[in-house]
Each structure stands twice: as structure tokens, then as C-alpha cells.
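Please look over the model shown below before reading on.

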Amino acid sequence: MCYLLKEFDAMREKLGAMENKLKESENQIIELKNKEKNKVFFSAATGGFGHIGPFSTNTTVIYRTVITNIGSAYNRFTGFFTAPVAGVYYFCIFYHAGGEKGAKLHLYRNNELVVITSDHQSNGDTADNGGNAVFLQLQQGDQVFVQLAANTHIWGYNHHTTFSGFLVTQE
């Protein structure tokens, strides 16, 4: 009988250890799923062919050709990126344009101007390229978008004018 009680206690100990390991594994799986769910990366190009603009007012640029959109935070119909989680994000904008008109892009967080990239009009310069990048601390639901300044233009094509961003670290 003593032998059976010792054997039973040993089995109970092993079962407790196995339950603890199972619980740890379950927690790790949940953590990995949450990390995977919160991956946010996007790159999009303007698409089309030829000039976009000039317009008489500032106009939101809609990057219709989505290259990557992990996390589905970029909307190719509105041109808006909406932060799915709070954290620090990195954004970059690049453009190509002809020199006969000025080129100017504004990157906004909600309605706050954050960075600009631009080049002036030039009769002798037939092609202009520019860009800018920024780290932004965003709250869930904050929106980031790009506007083309009034009376300026950019080149609309899949390989020249782009808007990209990704989640660096979640808060």
C-alpha cells in the first residue's frame, strides 16, 4: 500500500508539472498569435500614367496600386492609413515629377502637417525626385495620409511615386 501511495504521489507531481508546461505553452501560443495579428506593413504606388495634378486646392493622394498591405491598415480607395494599434510607426513618401511645374507633398497625422517634400518649378530641369520619412507615435485609430499641394503635380506611375509605412513597436 505504501508503494502505491508513493507511486500515486509521483504521478500527481508529474501531472502538475505537465499542467504547468501546458499552460506555459498555451500562453506562448496566444502571445505569438497576438504578435502576428499586430504586424503592420504597407507600400503603395499611385498607379496610372502621367501627371497627377495640378489641382486648385490641396488634394489627398490616393495610392491605388497596393504592393504590400499586411494588417490591412492602408485603404487604397481613400489613401488613408489607419493605425490598428497604438505604437511607433515609420512612414516614407517618394515622388517623381517633371520640372515644368512645382512638386510638393505633405504628410499628415490626422489633420496635423508632419513633413513635406518638395521641389520648385524649373524650365531647365526635366525630372525631379524627392522624398521624406518620419517616425510617428500613433494612437489606435489615428490616420496618416499624403496631400498634393495646390498648383503642384507628381508623376502617377507604379514605380515612381510611393507611400509606405510599418509598425516599429507596439505600446
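A residue is called buried here when its relative accessible area is under 20%, exposed when it is over 50%, and partly exposed in between, with a 1.4 Å probe and protein chains only. The model is predicted, so that local features need pLDDT of at least 70 and side-chain atom pairs count only at pLDDT 80 or more, while totals for chains, interfaces and linings use all residues. Residues are numbered from 1 along each chain as its sequence is written, and side-chain values use heavy atoms, with hydrogens and water left out.

With a relative accessible area of 19%, Arg 109 is buried, whereas Glu 112, at 39%, is partly exposed. These two residues form a salt bridge in which the closest N and O atoms are 2.9 Å apart; the term stands for a side-chain nitrogen of Lys or Arg within 4 Å of a carboxyl oxygen of Asp or Glu. A search of the whole structure finds one such salt bridge. Glu 112 in β8 is also the bridge partner of Arg 109, and strands β7 (residues 103-109) and β8 (residues 112-119) pair in the antiparallel sense over seven bridges. Strands are DSSP runs (E, at least two residues) numbered from the N terminus, and two of them pair if DSSP finds at least two bridges between them. Two residues lie between the strands of this hairpin, where Asn 110 takes a positive phi near 55°.

Elsewhere, five strands form an open sheet with antiparallel pairing, in the order β4-β1-β12-β6-β9. Its edge strands, each pairing on one side only, are β4 (65-70) and β9 (128-138). Strand β1 (residues 41-45) is joined to β4 by five bridges, and Phe 42 has Asn 69 in β4 as its bridge partner.

Aromatic rings of Phe, Tyr and Trp (its six-membered ring) pair if their centres lie within 6.5 Å, and their planes count as stacked under 30 degrees apart, edge-to-face over 60 and tilted for the rest; by this rule the count comes to 16 aromatic pairs. Tyr 63 and Phe 163 form a tilted pair, 5.4 Å centre to centre with 45° between the planes. Because Tyr 63 lies in the loop between β3 (59-60) and β4 and Phe 163 in strand β12, this pair ties together parts that are 100 residues apart in sequence. Tyr 63 is buried at 0% relative accessible area, and Phe 163 is likewise buried at 0%.

Conventions. Helices (H or I, at least four residues) and strands (E, at least two) are DSSP runs, numbered from the N terminus.
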